[in-house]
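These are my notebook entries on a structure that is new to me. I record what I looked up, entry by entry.

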Amino acid sequence: MAALPDDGGAGPLGDDEADAAFGLFAGHRRFALAVSGGPDSLALLHLVAGWRARQAEPPDVHVFTLDHRLRPASEAESGHVAALCRARGLPCRILRWEGEKPTTGLQAAARAARQRLLGQAAAQARCSALVLAHHLDDQAETFLLRVARGSSLHGLAAMRAHSAWPRGDLPDLPVLRPLLGFAKARLIATCRAAGLAYAEDPSNDNPSYARARLRRAMPGLAEAGVTAARLAETAAVLARAAAVVDARIDAVLADACRQHPAGPLRLSLEALSDLPEAFRLRLLERLLGIIGTRGYPPRRERLERFAATLLAGEGRAQATLSGAVARREGRWLFLWREPGRQGIAGARHQGPGAFLWDGRFLLEIAGTAVVEVLTLACWRNSGGAKEAERLGILPPALPRDWPAAAFAAAPVLRLRAADGGVLGLHFPGLGASGGGKDRDGGYVDLRPARSVLAAPGRAYATEVAEMPPELADT
């Protein structure tokens, strides 16, 4: 463990400050902490343990620490975290990144593995949120990284105190960052006051990484008055401006956009054209996040070209971006999931449970049914019409006021018996009910996972997903 450095005169966080910051936990009776063994997350661990002891009805808190096996000291560091948790009466699980490690893009791969392992562990522990130790200095660095990238207003708002991570076929995981308002020096001071030794990750000072290079430049910026606090304040101002933009867009979407239960969207061209350009681009960005497959928004230049193609001239026009197809036809703009050359992979799940399919639909199984989800195009191409006839089920009826192509990626549900036989079919929104009873009486339902009016804090609009992995926050 590293020796405790001087904290620059900053004082540790007091109980009142921690209590105010942890108001973010309201409504969460069982949540997880991600603790790496560095000063930031050890301060978080210490503060949360103290806060929990002051609660009349303390929530369940689980701690996850990751042994990424990239450095010889990582096993000892995760063991140190586990020992600190035992001393505070908190359960700790050590997660390990197994297997071969890539020779290039290591930091991005490690970040993806960390997010995957933490997301799975939180689901297994039935935690309603994951708490991270990002602080004010992290926020300032993230803001500058996004300035360098040329991010939009919403990207420049940087990290949010409340956001979400995608988890493959599981619902998004709420992510909380209660320490964004506190400088790293104060977290170091908190560790000093508690007598906590912590580890240092050498990659934090590796100049081959953009964030490390920027961190080295911060003292010089501070001398010119561009302090971490000032940068974080600017990000907060931009976050408030972004909220105003989203409120206006919410009003437009509520009046002028319809989301079909089978997935595609239809938006009034008049309503879109009446918006100022910046609002128009943000609206399209949000709709791409609902329909498409990219983990982060498209670059501004590509989004501008996409919008120009759809809005220029008269008659029909079509463009693709971020795994979505958009078609201007008549007075409407239609958007739907692009099947792609390889098609969209199906999935099979056994209940009970909730599962995410293709990032677009939430499947809920209340009983023990085995449910297969596949696209309408795949079902048709594999003899679906004959299957429906054999089961005495009418094939899906496509609405005449939507392009037929918009439903190629629509979901089909197959209810299967234990021996693999098909018990029934459902075509949500296309002629059959979106839900049904399985053999045990359990309810099976599938619906769009993201509403057009969903708060922009969901996975697509979070800061983790705001940029390519090499520039995302750690």
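I take helices (H or I, at least four residues) and strands (E, at least two) as DSSP runs, numbered from the N terminus. The model is predicted, with local features needing pLDDT of at least 70 and side-chain atom pairs counting only at pLDDT 80 or more, while totals for chains, interfaces and linings use all residues. Residues are numbered from 1 along each chain as its sequence is written, and side-chain values use heavy atoms, leaving out hydrogens and water.

Entry 1, backbone. I looked up Pro352 and placed it in the loop between β12 (347-350) and β13 (353-357). The peptide bond joining Gly351 to Pro352 is cis, with omega about 0°. Most peptide bonds are trans, and most residues other than glycine have a negative phi. I then noted Arg126, a residue other than glycine whose phi is positive, near 60°. Arg126 belongs to the loop between α4 (106-124) and β4 (130-131). Asp358, also not a glycine, has a positive phi of about 60°, and I found Asp358 in the loop between β13 and β14 (361-365).

Arg126 is exposed at 62%, and Asp358 is partly exposed at 21%.

Helix α2 (residues 39-53) has 15 residues and spans 21 Å from its first C-alpha to its last, close to the expected 21 Å; the expected span is 1.5 Å times one less than the number of residues. I found α2 mostly covered, with eleven of its 15 residues buried. Among them are Pro39, Leu42, Leu45 and Trp51.

I count two strands as paired if DSSP finds at least two bridges between them. An open sheet of five strands runs in the order β7-β8-β11-β10-β9, with antiparallel pairing. β7 (257-259) and β9 (317-321) are at the edges with a single partner strand each, so one side of each has no neighbour in the sheet. The twist averages 15° from one strand to the next, where axes are lines fitted to C-alpha atoms (for helices, over the stretch in contact) and angles run from 0 to 180 degrees between N-to-C directions. Strands β10 (residues 324-329) and β11 (residues 332-337) run antiparallel and are joined by six bridges. Glu329 has Trp332 of β11 as its bridge partner.

Key
Buried < 20%, exposed > 50% of the residue type's maximum accessible area, 1.4 Å probe, protein only.
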